[in-house]
Amino acid sequence: MIAEDQALLREGLARLFGDAGHDVVATVGDGDRLRGAVSEHHPDLAVVDVRMPPTFTDEGIRAAHWIRDAHPEVGVLVLSQHVEAAGAADLVTQSGFGYLLKDRVLEVDEFMEAAERVARGGSALDPKVVQRLVSADAGMNELSEREREVLSLMAEGLTNAGVARRLFLTERTVESHVRNVFLKLDLAAEEDGHRRVLAVLSFLKRSQ
Amino acid sequence: MDPVRRSKTLAWSLGALIAALVLAVLMLVAGAGERHEFWGDALAVVAVFTTTGVGLAITARQPGNRIGWLLMLNGLLLVLSGLAEGWAAYSAEHPGALPGERLAAVWDTNGWPLLFAAIVALAFVFPDGRLPSRRWRPAVALAVVAFSCTLLGGLLSGDRLDEPFEHVRPLDVLPGATSGALQGLGLLGMVIAFVLALSALVVRFRRAEGEQRTQIKWIAWAGAFIPLSIVLGTLDPSDAPGIATFVGLVLVEIAIPGAIGVAILRYRLYDIDRLISATLVYAVLTVCLGTSFAAVALVLGIVLGGGSVAATAAATLAVTLAFRPLRDRVQRLVDRRFDRLRYEANRQVDAFLAELREGRAQPEAVGAVLAVAVSDPSLRVFFWLPSEGQHGDDAGHPVPVLPAEPAGRTPVRRGELHLATIVHLPQASGPSPLLDDLIVRAGLAIEIARLRVEVRHQLAEVEASRSRIVSAGLEERRRLERDLHDGAQQRLISLGLELRHAQHELGAGEASATLDSVVAGLTDAITELRELASGVRPAALDDGLAPALEELAARAPIRTEVTATSERFSADLEAAAYFVASEGLTNAVKHAGGSQVRLQARRSDGRLVLRVEDDGRGGAAPGGGSGLVGLADRVAALGGELDLQSSEGRGTALVAEFPCGQ
């Protein structure tokens with residue numbers, strides 16, 4: 001399910017998902033049709049543009065809120081022109097939600113990975129957003145460069161394996177970094193990958 | 001020589017001539033022996049100098065006004081009459097010492113009509129030096145003929161001359177009947193000319209308004225001395241005009257030029273009502289008390305016997321007791337007729353004008369002063385704004401429609417120029433002459449106030465237009481940013497997606513690697529585009545000042561701490577504050593060399609205070625770059641102020657304060 005008001009981009013996204021082997025059940029151009037289509041098709045994932053008609057402000061964010069309330073099982077991936085955290089702030093700590101900048105779609109593999117993660121109930125947060133969260137926190141000074149990188153990738157929603165792949169490290173090394181981060185930030189160690197992400201995000205949001 | 005200088009020279013020469021003649025007369029009189037009362041001479045000299053002095057003053061200020069010249073002519077005629085008398089007297093004492101003894105004596109007896117000629121002429125042309133209209137020319141001609149007949153009939157007659165020159169032989173050119181007829185007809189004509197001159201003044205008074213009315217009142221007041229002088233004249237025996245006649249005449253000759261001077265030169269012009277009132281009160285008092293005294297003295301004299309000291313004392317006591325209550329009563333009567341309100345109102349306006357001159361009052365207060373002066377609290381002055389084609393209030397705010405209530409309207413003009421409209425309670429009796437007078441009196445204050453109000457209005461206009469320009473610039477930035485994001489950026493992403501699709505279709509291979517690098521280039525272009533759009537206007541401003549400052553801080557290459565209120569302000573205000581922060585941050589990074597910047601945005605006393613503070617080397621000067629000047633302009637456009645606080649070694653703080661309402 002794709003909600004994007006610009007036809008070219010909408011079709012491009014649909015083809016992208018098609019190329020990756022997914023079924024696109026509906027493409028719509030505004031928030032109201034999105035609501036109708038979600039109720040009708042119950043998709044695994046709704047990809048939603050933030051700015052859509054009629055107001056071109058935060059239509060997408062409001063639609064995302066609506067989907068979270070009405071159909072919690074549907075994953076929502078919000079695409080934005082730029083980092084505008086205001087409306088999305090409440091959603092980033094929930095499961096099955098992603099927030100990415102639009103140009104990420106060109107990094108097809110990572111984008112698909114994030115989309116699939118969200119569809120499965122995981123989360124995906126744009127590195128720019130994470131960067132802002134991380135840089136805003138004074139407590140981050142205690143972390144080493146590498147530990148900060150690991151934390152950022154965790155916040156983006158990646159698993160240990162994903163982090164290891166991205167940083168060209170072994171999973172064991174990543175695990176030890178993660179332990180150190182949790183220790184230094186005084187967070188309870190979480191085994192479950194997804195809940196771990198949420199803990200990190202909650203911490204970052206709290207300290208902002 | 002130009003006309004103004006020529007007339008000045010002429011006036012001063014005439015003045016000097018008159019002064020010389022006065023001196024000559026005094027010498028002649030002294031030479032003639034103790035034949036004159038000292039006070040009479042002194043009064044005559046004062047009269048000559050009054051009329052001449054006032055004439056000189058008027059010709060100096062208004063060379064074109066004939067009144068000045070008529071007054072000087074009057075002085076000349078007076079002194080010539082004195083000269084004739086002195087000449088004749090000296091010749092009588094020292095026979096043969098001077099030539100023209102006979103002529104001087106004849107003139108002394110028969111030259112008197114000329115003493116009134118200038119006065120009548122003045123009445124015809126007062127106060128502007130011109131006849132009321134061309135229709136008055138025959139009246140002037142009649143006056144000239146009448147005065148000439150009387151003068152010539154007298155000079156050329158064989159009638160005996162007045163004392164003490166009865167021994168001198170008259171000219172006796174005309175037969176007695178002819179000269180008698182000439183003098184009779186001349187006198188009749190003179191009386192008619194007097195009446196005509198008086199009616200010229202009355203006509204003018206009826207037609208006049210404001211200042212001219214007041215000017216004519218002065219003449220009327222002085223003219224009251226003419227009947228007084230006649231009454232005084234009757235006290236003398238008719239065959240030998242003595243001191244009483246003389247004093248009356250001199251009073252007229254002093255009072256009239258004096259009043260003319262006041263009226264034309266406008267010095268204390270508006271005190272006339274009080275003067276008339278006081279004159280009337282004391283004239284009535286004198287008559288009443290004098291009559292009472294005479295009556296009481298007469299009755300008691302009859303009862304107690306003539307010449308009784310007791311009668312005189314009792315009469316004096318009665319008059320003294322009657323004085324206070326009588327004075328109060330007469331004063332009230334006169335006030336009712338001659339409007340003390342007007343005097344009070346004029347006094348209030350004068351006091352205001354004096355305060356204005358001394359800088360203790362604002363010209364815009366003229367409305368409030370007029371409201372008090374005419375006892376109409378609803379009175380308001382609306383000043384005309386020519387640039388708007390409508391009225392404005394004290395503050396310069398346009399008032400397109402004057403309030404319906406109160407319904408009275410009085411326009412204020414200066415020449416052709418409309419200055420203001422005064423809105424006041426309507427007068428049942430039509431336009432209020434008091435208000436008209438006060439408007440004339442306060443005219444300059446109203447004009448100054450109007451100019452100030454207009455300047456204020458135009459300043460507000462300029463400020464509003466500057467604010468609109470800045471606002472339009474910010475709106476343009478917002479549109480540009482939208483276009484970049486929603487247009488170019490989306491388009492590039494779509495193209496990227498098409499390339500990815502093509503890559504997928506082609507499968508792995510050499511082309512795929514090429515496409516990867518093309519997409520990477522495209523991504524860089526998109527990133528650059530986003531940076532560009534953000535520089536034009538950060539999209540985060542849509543979410544408010546605080547998020548925008550956060551984003552600014554996040555991008556900064558230096559540690560930046562943000563303390564910002566989450567309150568929302570107008571879009572223009574938020575944008576301006578953001579750009580101040582951005583500029584301040586840029587400067588801190590470029591020049592300060594510090595390790596940390598603090599960005600602060602808070603509300604304080606209805607103002608949004610934005611503070612950018614670094615811990616660098618300080619010593620920044622505001623004039624250095626045009627960046628700060630442009631920034632200051634942008635802040636000022638929103639009514640704010642920009643302040644740079646920087647001292648050597650103690651960091652720099654850039655502080656902008658904007659009014660943001662309550």
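The expected span of a helix is taken as 1.5 Å times one less than its number of residues. In this predicted model, the relation can be applied to helix H19 of chain B, which covers residues 571-592. With 22 residues at 1.5 Å each, H19(B) should span 32 Å, and its end C-alpha atoms are 30 Å apart, which agrees. Of these 22 residues, 17 are buried, so H19(B) is largely enclosed by the rest of the structure. Just after the helix, Gly593(B) adopts a positive phi of about 70°.

Chain B as a whole contains 20 helices and ten strands. Buried residues account for 36% of its 662 residues. When contacts between residues at least 6 apart in sequence are considered, 67% of those in chain B join residues at least 24 apart.

Within it, strand E8 (residues 607-614) and strand E10 (residues 652-659) of chain B are antiparallel and share seven bridges; Arg611(B) has Val655(B) in E10(B) as its bridge partner.

A hairpin is found elsewhere in chain B. Strand E4 (residues 408-414) and strand E5 (residues 417-424) of chain B run antiparallel and are joined by seven bridges. Gly408(B) stands opposite His424(B) of E5(B). Two residues lie between the strands of this hairpin, where Gly415(B) has a positive phi near 60°.

In chain A, six strands form an open sheet with parallel pairing, in the order E2-E1-E3-E4-E5-E6. Strand E2 (27-28) and strand E6 (123-125) of chain A stand at the edges with a single partner strand each, so one side of each is left without a neighbour in the sheet. Strand E5 (residues 97-101) of chain A is joined to E6(A) by three bridges in the parallel sense, and Phe97(A) has Ser123(A) of E6(A) as its bridge partner.

The largest nonpolar core has 75 residues, and those touching the most other members are Ile67(B), Val120(B), Leu122(B), Ala123(B), Ile219(B), Ala259(B) and Ile260(B). Helix H3 (residues 66-93) of chain B supplies the largest share of this core, 14 residues. Apart from its neighbours within four places in sequence, Ile67(B) is in contact with Ile58(B), Leu122(B), Val125(B), Phe126(B), Gly129(B), Ile260(B) and Ile264(B). A second, separate core of 54 residues includes Ala3(A), Phe97(A), Leu100(A) and Leu125(A).

Between the chains, 23 residues of chain A are in contact with 23 residues of chain B. On the side of chain A that touches chain B, the elements giving two or more residues are helix H1 (7-19) and helix H5 (127-136) of chain A. The largest share of that side, seven residues, comes from H1(A). By class, the side of chain A that touches chain B comprises eleven nonpolar, six polar and six charged residues.

Note on methods. Residues numbered from 1 in each chain as written. Chains lettered and ligands numbered in written order. Predicted model: local features only at pLDDT ≥ 70, side-chain atom pairs only at ≥ 80, totals over all residues. Helix = DSSP H or I, 4+ residues; strand = E, 2+ residues; numbered from the N terminus. Buried ≥ 20, exposed ≤ 12 C-beta atoms within 10 Å, placed from the backbone. Contact = placed C-beta atoms within 7 Å. Pairing = 2+ DSSP bridges. Core = buried A, V, L, I, M, F, W, Y, C linked by C-beta atoms within 7 Å. Nonpolar A, V, L, I, M, F, W, Y, C, P; charged D, E, K, R; others polar.
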